[in-house]
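I opened the model to look up a few side-chain pairings and where they sit. My entries follow in the order I made them.

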Amino acid sequence: MFPFFSRSKMSDAPEVNPAPAKTHEPHPLDALTGGAFSAATSGERASRIRDWLATQPDHEQLQEVFKELSGRDKGAARAVRERLDEIRRAKGQEVIAAEWAEKAQVLLAAPKLNIADALAWQRDAAKAGAPLSREPLSVLKVQVADRVKVIEDLQHRVQVQREAAVLLAQRIEVLSTKSWRDAQAALELLRADVARWQEQAQELTGDASWASVEARFPPLLDASRTQLLVVWEAFQPALAQAVAAAEDVNAPLPPVPVWADELRTARGLPTEAAAAAAAAKPARVAKPKVAPEVIEKAAHSVREALAVLEKETAEGHGKASAGAAAALRAVLKVHGKHIDSALEQQVHTALVAAGELEGWQRWSADQVREDLVAKAEALLNRPEGQALGGRKMQETLRNLREQWKQADQGGAPNHSLWKKFDEACNAAHKVVEAWLDKIRTEAAEHKAQRLALIEEVKAWAQEHANSGDWKAINRALHQFGDRWREGGHVGEKLFAELQPLWKQAISMAAAPLEAAQKESLARRHAMIDEAMALGAAPTLRIDAVKALQQRWQAEAQTVPLDRKHEQKLWDAFRKPIDEAFNRKSADRERAVTELSARDRVVLEASKALEAANASGDAQQIRAAMQALEAALRGQAQAAEAVATAQKDAQAHSEAQAGALPVATEGGAGESAETPDGGEVAEVATPAPAAPKPTARPVVAVRGDDRPGMKKDAPAAAGRGARPGDRRDGRPGDRDGARGPRGDGRIGDRADRGGRFGERPAFEDRGPRLGDTAFRAQREAMEHAQLALKKLAAQAHCEALTQLLTAWEKRDAALVPSTQDLGSGVTASVRSAWTQALTAAPKGDAAEALLRLEMAAEAPTPAEHIAARRMLQLQLLTRRNDPAPAQTWGQDVARVLASSSDAGSARRLQNVLKTLLRK
């Protein structure tokens with residue numbers, strides 16, 4: 001279409017007439033902005049400016065472009081101005097956020113947090129324009145709010161505890177106006193409530209935020225605790241005295257008037273009111289005399305409480321003096337009528353001094369302030385070699401100032417001490433300033449080192465861009481990474497600025513290596529596919545496998561990869577080749593392995609034993625086990641040969657009279673002379689002789705390491721090894737047929753005629769068991785043993801059930817035999833059990849059951865645990881008595897002699913499950 005120039009009425013940019021093509025020169029900033037200054041139209045210029053802003057230029061470039069562009073095209077310069085304003089606002093908010101985040105961290109780090117300070121922080125931060133909705137201020141705001149919530153909850157719990165203490169004290173006072181029997185009935189519940197109140201108060205004072213609670217709450221909790229304990233400690237002895245007076249007529253009456261009147265009425269005496277009325281009738285009645293012991297005891301108790309109060313008052317302990325005054329009043333209430341006037345005057349003087357203690361808070365606060373001033377002055381006067389570092393000094397000064405704030409909250413300020421403290425802290429802060437200057441200097445040095453490292457990485461990347469030594473490149477990149485990590489500490493803000501530059505430089509340097517690793521991965525995956533193809537081929541080509549492995553090694557040595565990744569690739573490459581070699585070995589072994597006649601006999605016997613195991617009949621299993629053992633010893637072949645010889649002799653008995661076949665089975669010593677493990681006598685009709693296998697020389701001698709065999713007995717050497725053969729030395733094998741070697745080794749060598757003398761020919765031995773037959777008989781034997789154990793356990797459970805049935809029905813005939821009960825039960829023990837069942841039920845079986853549970857180490861029901869513990873304590877004192885594990889038979893007889901019930905039967909069954917198996 002036709003071109004139009006940007007002459008819009010809405011645009012406020014002045015019309016720019018393009019210069020003739022001959023005199024046009026490119027602007028210096030065109031290369032930076034992508035040709036924005038040489039654009040033909042304002043829209044094109046704005047588009048190029050937006051594209052340039054997407055590259056995130058720095059602040060200096062933005063200012064330079066805005067300065068040049070604002071005079072040419074204000075519409076295009078508007079985007080640059082908005083970016084500058086955004087950067088300026090972000091920097092301002094970052095500074096404000098950092099400032100208020102530091103203040104929040106100081107508040108949270110303080111051991112005592114003032115709620116007003118926390119609320120003021122959030123209010124002032126919002127007024128200052130801090131971004132409270134963004135991190136880190138959002139997280140800090142939540143943390144401050146949670147801390148304030150915890151403190152307010154503690155204060156509320158203090159008030160609840162105070163009210164609970166008042167209610168407990170009121171309960172005690174109400175009980176003192178009722179009968180002493182009602183108080184005794186409520187004593188345990190009241191004791192539990194008081195203990196629970198003390199635990200809750202201890203939890204409050206032990207909370208981590210207890211130091212932040214307002215100063216008025218701890219005294220409230222302490223006063224409540226003191227008041228409650230005074231009432232409780234007076235209530236307990238009075239109740240105990242009332243109980244003793246009720247049991248003993250001569251015991252003194254309790255100090256509670258209601259309880260004393262009740263006890264007087266029970267003794268048949270007049271009440272105190274009646275006695276007072278009777279005593280008021282005469283004009284004057286002489287005061288009864290008090291025993292000297294009572295007067296001395298009362299004076300001693302009052303003097304002890306008075307000494308404690310005077311001590312606390314002299315030391316200025318306000319809280320402790322209040323508790324001591326309450327204790328003195330309680331003692332005075334009990335013993336006040338038995339003391340003289342002088343002691344009574346001392347008591348009143350001490351109480352007045354404790355009640356009118358003035359200025360204790362100021363005195364205590366001044367003591368704390370003087371201590372803080374001494375600590376602040378001692379910061380610079382430490383011994384040589386023990387001076388504090390900058391960070392430690394900064395933390396110490398911060399803690400001292402926080403402690404001064406806490407002291408100001410407890411009393412009126414002291415300006416003279418504050419001046420000394422502030423001067424000492426300012427003098428010590430010079431160390432902190434020097435340390436901060438040092439930190440800033442080191443941070444600048446570390447920044448320069450890191451920038452130099454970035455430039456070095458860029459130069460190295462340009463220098464080695466075309467290098468093919470990938471191992472050297474990988475090693476150099478790792479060294480650069482180590483140097484960056486060890487480049488020293490810098491601030492978080494500075495590190496956030498340097499980290500993108502470092503990542504950009506190291507990525508540019510590692511780009512060729514990553515490209516080479518990508519190509520190497522493709523080649524290695526191709527070689528893995530070739531390996532899978534070679535492994536799946538019907539014929540394994542060894543030459544191709546070797547060539548492929550050499551290619552893999554060359555590739556691995558050329559291009560390095562991550563250790564774990566390279567190992568995974570190597571495992572994937574090696575797996576199909578290993579499987580092919582294993583398959584080839586298995587085929588070779590399968591080709592050379594064959595089952596002999598003896599192996600078939602053993603396999604058949606093993607299958608018969610497995611069938612017997614499945615039947616669950618113990619007799620069949622034992623018979624099958626004997627048959628398998630006979631087959632292993634070669635007795636099966638011997639029996640078959642004997643049967644064949646007898647049939648032949650009966651067929652020819654008429655033709656050859658008097659010739660009787662004689663067949664004898666060889667003993668343990670004779671069975672070693674034939675390969676089958678037995679020797680068959682000659683018969684009238686000779687059987688065709690089997691070809692005698694060729695004797696082979698001894699190859700090795702070793703111990704029998706099969707399960708269940710003796711390793712110290714060496715197995716005789718056999719013929720040369722072949723795949724699948726076993727050197728087991730099982731009885732009946734040709735290796736087990738050789739007798740033990742004589743002790744006289746030297747004499748045997750002499751009998752053979754020396755080293756090169758003629759040796760006797762080796763006797764003929766049959767083949768040993770194959771691997772299949774050996775494994776089959778071993779697994780069958782293991783299964784048979786497990787089946788027998790299972791059947792024995794079932795028989796044990798049946799015997800135990802019969803015994804419990806006999807106890808329930810009181811029938812001695814139902815008691816199982818000694819053999820069924822097991823080796824742990826003798827005939828005498830069984831006789832005692834039957835006698836116990838014959839007699840009528842009598843006695844209690846509780847102690848016998850506990851002894852049985854101790855003997856079997858079985859758990860006791862919850863309701864009998866206390867009785868078991870008591871019995872254990874009693875047994876500790878009976879040192880000469882036999883232990884429960886030695887007398888469990890008699891204990892069972894005691895249980896059977898008693899009556900049967902479901903709980904006792906269950907407990908007896910649990911213990912006999914264990915005891916009958918021992």
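**Entry 1: a buried salt bridge.** I looked up arginine 851 and aspartate 891 and found both buried (buried is under 20% relative accessible area, exposed over 50%, partly exposed in between, with a 1.4 Å probe and protein chains only). The two form a salt bridge, with the closest N and O atoms 3.2 Å apart (a side-chain nitrogen of Lys or Arg within 4 Å of a carboxyl oxygen of Asp or Glu). This pair links distant parts of the chain, 40 residues apart: arginine 851 is in helix 29 (residues 846-856) and aspartate 891 in helix 31 (residues 888-897). Helices here are DSSP runs of H or I, at least four residues long, and strands are runs of E, at least two, numbered from the N terminus.

**Entry 2: source and confidence.** I note that this is a predicted model, in which local features need pLDDT of at least 70, side-chain atom pairs count only at pLDDT 80 or more, and totals for chains, interfaces and linings use all residues. Residues are numbered from 1 along each chain as its sequence is written, and side-chain values use heavy atoms, with hydrogens and water left out. The chain has an average pLDDT of 75, and 77% of its residues score at least 70 (pLDDT is the predictor's confidence in each residue, from 0 to 100). Confidence is lowest in helix 25 (residues 745-751), with a mean of 43, and highest in helix 30 (residues 865-877), at 90. I found pLDDT below 50 over residues 1-23, a stretch with seven contacts beyond near neighbours in sequence (a contact means heavy atoms within 4.5 Å). Residues 762-766 are also below 50, and that stretch has 17 contacts beyond near neighbours in sequence. Where pLDDT is low, the predicted coordinates should not be read in detail.

**Entry 3: other salt bridges.** How many salt bridges does the structure hold? I have 23 on record. One of them joins the side chains of aspartate 437 and arginine 440, at 2.8 Å from N to O. These two are three residues apart in helix 17 (residues 415-463), so about one helical turn separates them. Aspartate 437 is partly exposed at 43% relative accessibility, and arginine 440 is exposed at 51%.

I then looked at arginine 574 and aspartate 578, which form a salt bridge with the closest N and O atoms 3.4 Å apart. They lie four residues apart in helix 21 (residues 563-592), so here too the separation is about one helical turn. Arginine 574 counts as partly exposed at 37%, and aspartate 578 as partly exposed at 32%. I also noted a network of salt bridges that links Arg171, Asp193 and Arg196.

**Entry 4: aromatic pairs.** A search of the whole structure gave eleven aromatic pairs. The rings of Phe, Tyr and Trp (its six-membered ring) pair if their centres lie within 6.5 Å; planes under 30 degrees apart count as stacked, over 60 as edge-to-face and the rest as tilted. Tryptophan 404 and tryptophan 418 form a tilted pair, 5.6 Å centre to centre with 50 degrees between the planes. The pair links distant parts of the chain, tryptophan 404 in helix 16 (residues 390-410) and tryptophan 418 in helix 17, 14 residues apart. Tryptophan 404 is buried at 4%, whereas tryptophan 418 is partly exposed at 34%.

The pair of tryptophan 552 and phenylalanine 573 is stacked, because the ring centres are 4.5 Å apart and the planes are at 15 degrees. Tryptophan 552 lies in helix 20 (residues 542-558) and phenylalanine 573 in helix 21, so the pair ties together parts 21 residues apart in sequence. I found both tryptophan 552 and phenylalanine 573 buried. Ring pairs also link Trp232, Phe235 and Trp259 into a cluster.

**Entry 5: what sits at the tryptophans.** Arginine 524 lies over the face of tryptophan 552, 5.7 Å from the ring centre (NZ of Lys or CZ of Arg within 6 Å of the ring centre and within 35 degrees of the ring normal). Arginine 450 lies over the face of tryptophan 484, at 4.6 Å from the ring centre. The side chain of tryptophan 484 also makes a polar contact with the side chain of glutamine 499, at 3.4 Å (a pair of N or O atoms within 3.5 Å; within protein, one must be able to donate a hydrogen and the other to accept it, and residues adjacent in sequence count only if both atoms are side-chain atoms). Glutamine 499 is found in helix 19 (residues 492-536) and is buried, at 19%.
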